[in-house]
Amino acid sequence: TTYLTPQVAQAAIRVLNRHGVEVVEADFTCCGMPPYSYGDMETALSLAKKNTDLSRSLEVDAIITTCATCGSLLKRYPDMLAEAPGYSAQATALAGKVRDISEFLTDIGLNREMGTLKHRVTYHDPCHLGRFQKATRQPRQILQSIPGIDFVEMQESNMCCGAAGSYSLAHYEL
């Protein structure tokens, strides 16, 4: 998220700070999902090792992500690095700290001091957040806590959007 959509990362930091969270920006690299999903395990493992090495020096309670795909692969590092000498325990420690921002915020308690937004909204579960991380309640809880929001549950809100398949090839600009 930091590289592709830096405005999302900046907004996440503002929200976390508003909730009294001290944010330490770590210099993680790509989680490795693109090469992992295309079968390039050598590159995916190299990226996983680099991020795991970086995590050794972090003194943090949580590693927060705003990307469901990255979060899901970071949580898979223990399996990916189980046979890598010197990585198994640290990969497990890293994965145990990874939290989607919605999970983290609902766990620490939402700051209820926010402005009113008069909008009717719904929510679509990202596949990696809902299916892999099982975090479906938390994003809805956050939306429903915003004053003035009229939340309407979407039919088939957990249906795959198709972006991981051929849709993204045929509609690259989207």
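Trainee: Why does proline 126 count as partly exposed?

Mentor: Its relative accessibility in this predicted model is 32%. Buried means under 20% and exposed means over 50%, so proline 126, at 32%, counts as partly exposed. Proline 126 lies in the loop between strand S3 (119-121) and H8. Not counting residues up to four places away in sequence, proline 126 touches Ala68 and Arg131.

Trainee: How far apart are proline 126 and valine 23, in sequence and in space?

Mentor: They are separated by 103 residues in sequence and by 25 Å in space, from C-alpha to C-alpha.

Trainee: What makes glutamine 133 a buried residue?

Mentor: The relative accessible area of glutamine 133 is 9%. Buried means under 20%, and therefore glutamine 133 is buried. Glutamine 133 belongs to the loop between helix H8 (127-132) and helix H9 (137-145). Leaving aside neighbours within four places in sequence, its contacts include Ala68, Gly71, Asp100 and His128.

Trainee: How do you know that the side chain of glutamine 133 makes a polar contact with alanine 68?

Mentor: A polar atom of that side chain lies 3.0 Å from the backbone oxygen of alanine 68. The cut-off for a polar contact is a pair of N or O atoms within 3.5 Å, so the pair at 3.0 Å meets that distance.

Trainee: Which residues of H1 are buried, and what puts them on the same side of the helix?

Mentor: The buried residues of H1 are Ala9, Ala12 and Leu16. They cover an arc of only 60° around the axis, which places them on the same side of H1. On the other side of H1, Arg14 and Arg18 are exposed. The buried residues of H1 pack against strand S1 (63-65) and helix H7 (101-108).

Trainee: How does the span of H1 compare with the expected span?

Mentor: Helix H1 (residues 6-18) has 13 residues, and from first C-alpha to last it reaches 18 Å, close to the 18 Å expected at 1.5 Å a residue. Just after H1, glycine 20 takes a positive phi of about 80°.

Trainee: What angle do H1 and H7 make, and how far apart are their axes?

Mentor: H1 and H7 pack at an angle of about 10°, with axes 11 Å apart. Angles under 35 degrees count as roughly parallel, and therefore H1 is roughly parallel to H7. Ala12, Val15 and Leu16 of H1 make the contact with Ile101, Phe104 and Leu105 of H7.

Trainee: Why are H3 and H6 called roughly perpendicular?

Mentor: Helix H3 (residues 41-55) and helix H6 (residues 88-97) pack at an angle of about 80°, and their axes are 9 Å apart. Angles of 65 to 115 degrees count as roughly perpendicular, so H3 and H6 are roughly perpendicular to each other. The contact involves Asn51, Thr52 and Ser55 of H3 and Gln90, Ala91 and Leu94 of H6.

Terms used: Residues numbered from 1 in each chain as written. Predicted model: local features only at pLDDT ≥ 70, side-chain atom pairs only at ≥ 80, totals over all residues. Heavy atoms only, no water. Helix = DSSP H or I, 4+ residues; strand = E, 2+ residues; numbered from the N terminus. Expected span 1.5 Å × (residues − 1). Buried < 20%, exposed > 50% of the residue type's maximum accessible area, 1.4 Å probe, protein only. Arc of directions from axis to C-beta. Contact = heavy atoms within 4.5 Å. Axes fitted to C-alpha atoms, helices over the stretch in contact; angles between N-to-C directions. Parallel < 35°, antiparallel > 145°, perpendicular 65-115°, else oblique. Polar contact = N/O pair within 3.5 Å; in protein donor to acceptor, adjacent residues only side chain to side chain.
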